[in-house]
Amino acid sequence: MAYSLGGVLSIFDGDNLQAAPKVQRGHNKPVACLLWHSGSNRLISGSYDSPDDGKTLVGAMRAWDLSTGLADTFTGDGHNSRVTALGVLKSGAVVSLGLDQTVCFSTAGSRTFDAKVSFEHCALDLGVGSEKVRLVVVVAVLLLLAAAAV
């Protein structure tokens, strides 16, 4: 096994060192949130990463297979900034909150961002029930927005 400073983990087959290693790309910035997704049997992590060596930062989510230690990256139109909170609806949809003033709804199985909702104020946290998402936002004073069914 070898790990680079760029966040790349290479896992070699001890019985066949000539074989190409499995390559795992993890987060290269601190992980901000975790969620166990029982429907996909994966640990979901949220962070922000720099895919181009520090030129830009984007929100990033990974689905980790704990039996192998490998992760798949969520793809599609996701967050433009750090992912700060995660939740899961009864349907299995993953709900993520970003500092970019968006909430994304994703499919854990295919690891895709399916929908993105923008809002006017910066959210501090989210609460996810079986069918509703609640946001705590900051305006002039702290407010709890009414729950919206999804």
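The model is predicted, so local features need pLDDT of at least 70 and side-chain atom pairs count only at pLDDT 80 or more, while totals for chains, interfaces and linings use all residues. Residues are numbered from 1 along each chain as its sequence is written, and side-chain values use heavy atoms, with hydrogens and water left out.

Start with the sheet. Strands here are DSSP E runs of at least two residues, numbered from the N terminus, and two of them pair if DSSP finds at least two bridges between them. Four strands line up in the order 4-5-6-7 as an open sheet with antiparallel pairing. Strand 4 (33-37) and strand 7 sit at the edges, each pairing on one side only. On average, neighbouring strands of this sheet are turned by 30° against each other, direction ignored; the axes behind that angle are lines fitted to C-alpha atoms, with angles running from 0 to 180 degrees between N-to-C directions. Inside the sheet, strand 5 (residues 42-49) and strand 6 (residues 58-65) share seven bridges in the antiparallel sense, and Ser-45 has Arg-62 in strand 6 as its bridge partner.

Arg-62 also turns up in one of the five salt bridges of the structure. A salt bridge here is a side-chain nitrogen of Lys or Arg within 4 Å of a carboxyl oxygen of Asp or Glu. Arg-62 meets Asp-49 at 2.7 Å, N to O, linking strand 6 to strand 5 across 13 residues. Both ends are buried (under 20% relative accessible area, with exposed over 50% and partly exposed in between, 1.4 Å probe, protein chains only): Arg-62 comes in at 7% and Asp-49 at 6%.

Asp-72 is partly exposed at 35%, whereas Arg-111 is buried at 18%.

The whole-structure search finds one aromatic pair. Phe-74 and Phe-113 are tilted, at 5.9 Å centre to centre and 50° between the planes (Phe, Tyr and Trp rings, the last by its six-membered ring, pair with centres within 6.5 Å; planes under 30 degrees apart are stacked, over 60 edge-to-face, the rest tilted). Phe-74 is in the loop between strand 7 (70-73) and strand 8 (83-88), and Phe-113 is in strand 11 (residues 112-118), so parts 39 residues apart are tied together. Phe-74 is buried at 5%, and Phe-113 is buried at 12%.
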